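Dear colleague,

I am handing over the structure we spoke about, and below it you will find an account of what came out of the analysis. Please keep in mind while reading that this is a predicted model.

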Amino acid sequence: MTAMLGWFSLDGDAPPGEADRILARLSARLADAGLRVAGAIQHNTETGADCACDMDVVVIGEEGAPIRISQSLGPGSSGCRLDPGALEMAAARVAARLPGAELLILPKFGRQEAVGRGFCSVIAESLAGGIPVLLHVPPEQRAAFADFCDGMGRQLSPGTLAEWCLDQVTGVP
């Protein structure tokens, strides 16, 4: 049996948002192939040179109702812009869509997940229910992710994500 928790990372020189674009294309491709995919995709929208981007999470299956997970702190601000309450709402909406899913795709294992919040409970619920999970792990969160998954995760190259997902669903290694 292969690891049901797959993850990938990108080099530091990858364009901003590349992991999100990879996951968006992958989830669409898998859904087109007939897989029942649950999860969320993050979309960032640039707002100008003086402001950080707006961050939205789109729950797969609820594409018309994105959740803004960033707060506007104004030009020149340097604090964390993440709205933890909005992220928790996104996690709850993803959890509600888990029944019947064959695969869970999540944007990333970020700072909130590193401290046990965000999508952590959804990951645990999915794995406990036999639903494989795929997500992005940024380099700065690899140590926290290693602690979280305790050897259960399998690192994948971006080019093998679709194959891994299909193998998980069909049971063919």
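**What was found in the model**

The chain has six helices and seven strands, and from the N terminus on these elements follow one another as β-α-β-β-β-α-β-α-α-β-α-β-α. Of the 173 residues in the chain, 43% are buried.

The seven strands form an open sheet with mixed pairing, in the order β4-β3-β2-β5-β6-β1-β7. Its edge strands are β4 (67–68) and β7 (153–155), each of which pairs on one side only. As a general point, strands of a sheet pair through backbone hydrogen bonds, either parallel or antiparallel.

Both kinds of pairing can be followed in this sheet, starting with strand β1 (residues 5–8), which pairs in the parallel sense with strand β6 (residues 133–136) over four bridges; here L5 stands opposite V133 in β6. With strand β3 (residues 54–59), by contrast, β2 pairs in the antiparallel sense over six bridges, and the bridge partner of H43 in β3 is D56.

Helix α5 (residues 142–149) lies across β1, β6 and β7, and runs at about 175° to β1.

**A helix pair**

Two packed helices are described by the angle between their axes and the distance between the axes. For helix α1 (residues 18–32) and helix α6 (residues 161–170), the packing angle is about 40° and the axes are 10 Å apart, which means that α1 is oblique to α6. The crossing of these two helices, α1 and α6, is right-handed.

Which residues of α1 and α6 make the contact? On the α1 side they are I22, L26, R29 and L30, and on the α6 side L161, A162, C165 and L166. The residues of this contact between α1 and α6 divide into seven nonpolar, no polar and one charged.

Conventions. Residues numbered from 1 in each chain as written. Predicted model: local features only at pLDDT ≥ 70, side-chain atom pairs only at ≥ 80, totals over all residues. Heavy atoms only, no water. Axes fitted to C-alpha atoms, helices over the stretch in contact; angles between N-to-C directions. Parallel < 35°, antiparallel > 145°, perpendicular 65-115°, else oblique. Left-handed = near helix turned anticlockwise from the far one by under 90°. Contact = heavy atoms within 4.5 Å. Nonpolar A, V, L, I, M, F, W, Y, C, P; charged D, E, K, R; others polar. Pairing = 2+ DSSP bridges. Buried < 20%, exposed > 50% of the residue type's maximum accessible area, 1.4 Å probe, protein only.
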